[in-house]
Amino acid sequence: MQKSLTLLGSTGSIGESTLDVVARHPERFSIYALTAHRNGDKLVEQCLRFAPAVAVVGDAVTAGHVAAKLRAAACKTEVVYGPQALVEVSQNAQCDTVVAAIVGAAGLAPSLAAARAGKRILLANKEALVMSGSIFMDAVRDHQAILLPVDSEHNAIFQCLPREIKLHGGVSKIILTASGGPFRTREPESLVGVTPEEACKHPNWVMGRKISVDSATMMNKGLEVIEAHWLFDLPGERIDVLIHPESVIHSLVSYSDGSVLAQLGNPDMRTPIAHALAFPERVDSGVTPLDLVQIATLSFEKPDYRRFPCLALAMQALAAGGLASAALNAANEVAVEAFLSREIGFAAIAQVVEAVLDGLQNREASGLDDVIEADDAARRAAAQAIRHLPAGLRHAAGHGVRP
Ligand code: NAD
Ligand code: MG
């Protein structure tokens, strides 16, 4: 039976890769809704190609532009806007599968709505799960939603675990691989003046700007440890991080009998996306087959927490429990945005996150309202930490003004 998709964040890197796979299999997948924030022009192109019933954008002005262009091209897609519209297309009865590919906390409400509506959810938006943890997983269980990881490491682990995700008999550890990003071999002292352009130049993956910076600080791997904790129900102590600069092994599962299962492939997100879209079947993703002879060597090293303090901070937040992961995520989003707009230097990202965690009055979340409140409070605390940074850590990229 054909699957009907809502693709949240269709104009982003994951969104475009998803549409590339979808276009290869029109008999399997149709699009119910596409959503973008401000990139109306790209959304128009996508609507003309995939003819969704609904398109969602962030604001009324963008909606007006998109609607006018679609009307002029005789396209019947209905254009709506705002956060509630994202929730609506994620729980609508006309879609059965929701691809959660919005970046950051903005993806939480629609992803959770999809869980509560019992959809099949393809999760790329790790921040949503990091923030809401057990609330999200409970919603999936209580409403018989199906949660399939798209993040390449988690998708790899999912492929290496027994089919029943909860059948953990014999699993001793999961091992998340990490490329180490563009600054893997740089001394921390030399990173003070790096620019957003340098931080976003990932050696193996082409991704959105926020996750690219997260990869450079390795906060991405920290968020992924927390994501793995919730997805696979394992404590932090049984989740290892292994630096693997070639990004060919996407992650591994270590079993008590000494077996280690790994999933390999070229670094292209269309593989985990195609896996999750077609699961349990397999379909062509357009990804070039892996040529191990050409790759010849795979290398591994331990992560250096001194070099990557954000990774250590995420591990601490996971161990602290309660609202610490939500605060970590919100502080990081604010700090990364400040770095991308050249307000703070690269090294200040970890300092801002640390300051927010240090000042956190942690407690257990009794519901979603607590998570949203913790997210808000951490954003305010991060803005304040930025104002109090020593002069050398502000404007360190040399420009000093928001573009
Ligand atoms: P991106 O910046 O390329 O795209 C983000 C998408 O979200 C865009 O469509 C944008 O319009 C939309 N968006 C942004 N802010 C929004 C808001 N406030 N409200 C509604 N929509 C908004 O990001 P990406 O690289 O595609 O990453 C998306 C998610 O997938 C992130 O959570 C990231 O961590 C995760 N992820 C990405 C990759 C990758 O290779 N790019 C790999 C694994 C996981
Ligand atoms: Mg990943």
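How many residues of domain 1 are in contact with residues of domain 2? In this predicted model, 24 residues of domain 1 touch 24 residues of domain 2. The chain is split into domain 1, covering 3–149, and domain 2, made up of 152–180 + 218–319. Their C-alpha centres sit 25 Å apart.

The size of an interface is often quoted as the accessible area lost when the parts come together. Here, domain 1 and domain 2 bury about 2,300 Å² between them, with carbon and sulfur atoms giving 70% of that. On the domain 1 side, Lys126, Val130 and Pro149 lose the most area to domain 2, and together they make up 28% of what that side buries.

## Polar links across the boundary

Between domain 1 and domain 2 there are three salt bridges, and the count of residue pairs in polar contact is nine, with both residues at pLDDT 80 or more. As for what domain 1 brings to the boundary, at least two residues each come from strand E1 (3–8), helix H1 (13–23), strand E6 (120–123), helix H6 (126–132), helix H7 (134–142) and strand E7 (146–149). H1 gives the most to this side, with six residues.

For the model as a whole, the salt-bridge count comes to 25. One of them pairs Glu127 with Lys210, whose closest N and O atoms are 2.9 Å apart. That pair links distant parts of the chain, with Glu127 in helix H6 and Lys210 in helix H10 (residues 209–217), 83 residues apart. Both ends are tucked away: Glu127 counts as buried at 6% relative accessibility, and Lys210 counts as buried at 12%. Another salt bridge brings together the side chains of Arg306 and Glu187, at 3.4 Å from N to O. Glu187 is partly exposed, with a relative accessible area of 36%.

Then there is Glu333 with Arg379, where the closest N and O atoms are 3.1 Å apart. Glu333 belongs to helix H15 and Arg379 to helix H17 (residues 368–387), so this pair ties together parts 46 residues apart in sequence. Glu333 counts as buried at 12% relative accessibility, whereas Arg379 is partly exposed at 25%. Salt bridges with shared partners also join Lys126, Asp151, Glu153, Lys221 and Glu224 into one network.

What about the aromatics? The model has three aromatic pairs. In one of them, the ring centres of Phe183 and Phe346 are 5.1 Å apart and the planes stand at 85°, so the pair is edge-to-face. Phe183 is in the loop between strand E8 (171–178) and helix H9 (196–199), and Phe346 is in the loop between helix H15 (324–340) and helix H16 (348–358), so the pair ties together parts 163 residues apart in sequence.

Phe339 and Phe346 pair up too, with ring centres 5.6 Å apart and planes at 70°, so this pair is also edge-to-face. Phe183 is buried, Phe339 is buried with a relative accessible area of 0%, and Phe346 is buried at 6%.

Conventions
Residues are numbered from 1 along each chain as its sequence is written. Chains are lettered from A and ligands numbered from 1 in the order in which they are written. Side-chain values use heavy atoms; hydrogens and water are left out. Rings of Phe, Tyr and Trp (its six-membered ring) pair if their centres lie within 6.5 Å; planes under 30 degrees apart count as stacked, over 60 as edge-to-face and the rest as tilted. Helices (H or I, at least four residues) and strands (E, at least two) are DSSP runs, numbered from the N terminus. Buried means under 20% relative accessible area, exposed over 50%, partly exposed in between (1.4 Å probe, protein chains only). Domain bounds come from an automatic or database domain assignment. Contact means heavy atoms within 4.5 Å. Buried area is the accessible area (1.4 Å probe) that two parts lose on being put together, summed over both. A salt bridge is a side-chain nitrogen of Lys or Arg within 4 Å of a carboxyl oxygen of Asp or Glu. A polar contact is a pair of N or O atoms within 3.5 Å; within protein, one must be able to donate a hydrogen and the other to accept it, and residues adjacent in sequence count only if both atoms are side-chain atoms.
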